[in-house]
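Me: I would like to learn how to read the packing features of a protein model, one at a time. Could you give the general idea first and then the case at hand?

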Amino acid sequence: MTVPGLLIIISGPSGTGKGTICKALLQHRPDIYYSISATTRSPRDGEQDGISYHFKSKEEFEEMLDHDEFLEWARVYDNYYGTPKAPVAEAIAAGRDVILEIDVQGALKVKEKAPEGIYIFVAPPSVEVLRSRIVGRATDSMEIINKRMDKVLGEMSKLNEYNYIVINDVLAQAVNKVESIIEAEKCRTQRHRFMPDGGPQAALVVPKL
């Protein structure tokens with residue numbers, strides 16, 4: 001019988017380096033399934049449909065909403081974002097660990113449906129460092145940057161909703177911490193049970209998506 005994979009949520013304020021951590025992690029662990037979000041925003045330079053995001057029109061996204069095809073979704077800065085449900089459920093059922101890289105609002109929505117997931121909050125060394133990172137990306141207007149910064153303190157206040165916090169100061173160290181969390185979770189007693197012959201077997205913990 002296939003042992004279900006882990007549901008790993010990597011979250012935090014915009015600009016904390018969630019995507020960079022995930023990219024580096026996947027280079028080390030290509031067996032992990034990375035969930036690709038859907039969005040109605042326009043592609044940025046270098047982004048590809050089906051790789052960076054599933055780019056949808058507003059009408060297409062709303063049709064998916066009508067059919068309950070999202071694990072979570074939100075409207076952020078006048079655009080829709082959402083996590084398609086089916087690919088995540090299929091990967092977990094097939095025994096693959098799944099990473100969702102989503103914002104704080106989305107992570108808390110997922111937690112309502114799947115509290116047994118592994119929730120990792122990626123934080124910056126300081127709010128000042130975070131602002132410098134966002135400005136340095138040069139992908140958003142100052143108006144959008146100011147809106148993002150207004151949200152940071154509110155998002156940081158949700159730390160207690162997560163299982164772990166990873167400070168992204170040195171990237172390699174942050175990636176190593178995430179890998180260590182995943183390995184530790186695989187060893188949790190709650191994820192194992194003993195069979196009648198005394199041998200351990202991974203428990204079939206399947207998130208209810």
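This is a predicted model: local features need pLDDT of at least 70, side-chain atom pairs count only at pLDDT 80 or more; totals for chains, interfaces and linings use all residues.

Me: At what angle do the axes of H5 and H6 cross, and within what distance do they come?

Reply: Two packed helices are described by the angle between their axes together with the distance between those axes. Here helix H5 (residues 127-137) and helix H6 (residues 142-156) have axes that cross at roughly 155 degrees and come within 11 Å. Angles over 145 degrees count as roughly antiparallel, and H5 and H6 are therefore roughly antiparallel to each other. The crossing of H5 and H6 is right-handed.

Me: What is the strand order in the open sheet, and which strands stand at its edges?

Reply: The open sheet has 5 strands in the order S2-S7-S1-S8-S9, with parallel pairing. Strand S2 (33-34) and strand S9 (164-167) stand at the edges, and each has a single partner strand, so one side of each is left without a neighbour in the sheet. Further in, S1 and S8 pair in the parallel sense over 4 bridges, and isoleucine 8 has isoleucine 118 in S8 as its bridge partner.

Me: Which strands do H3 and H7 lie across?

Reply: Helix H3 (residues 85-93) lies across S1, S2 and strand S7 (98-101), and runs at about 150 degrees to S7. H7, in turn, lies across S1, S8 and S9, running at about 160 degrees to S9.

Me: Which residues of the largest nonpolar core touch the most other members?

Reply: In soluble globular proteins, nonpolar side chains tend to be buried together. The largest nonpolar core in this model has 18 residues, of which Ile8, Ile10, Leu25, Ile99, Ile120, Val178 and Ile182 touch the most other members. At least two residues of this core come from each of strand S1 (7-11), helix H1 (18-28), strand S8 (118-123) and helix H7 (171-186), and H7 supplies the largest share, 5 residues. Apart from this core lies another, of 17 residues, with Leu71, Val110, Ala123 and Tyr162 among them.

Me: Where is glutamine 48 found, and is glutamine 48 buried, partly exposed or exposed?

Reply: Glutamine 48 is in the loop between strand S3 (38-39) and strand S4 (54-55), and because its relative accessibility is 45%, glutamine 48 counts as partly exposed. Leaving aside residues up to four places away in sequence, glutamine 48 touches Tyr53 and Phe55.

Conventions:
Residues are numbered from 1 along each chain as its sequence is written. Side-chain values use heavy atoms; hydrogens and water are left out. A nonpolar core is a set of buried Ala, Val, Leu, Ile, Met, Phe, Trp, Tyr and Cys residues joined through side-chain atoms within 4.5 Å. Buried means under 20% relative accessible area, exposed over 50%, partly exposed in between (1.4 Å probe, protein chains only). Two strands pair if DSSP finds at least two bridges between them. Contact means heavy atoms within 4.5 Å. Axes are lines fitted to C-alpha atoms, for helices over the stretch in contact, and angles run from 0 to 180 degrees between N-to-C directions. Angles under 35 degrees count as roughly parallel, over 145 as roughly antiparallel, 65 to 115 as roughly perpendicular and the rest as oblique. A crossing is left-handed if the near helix is turned anticlockwise from the far one by less than a right angle, and right-handed if clockwise.
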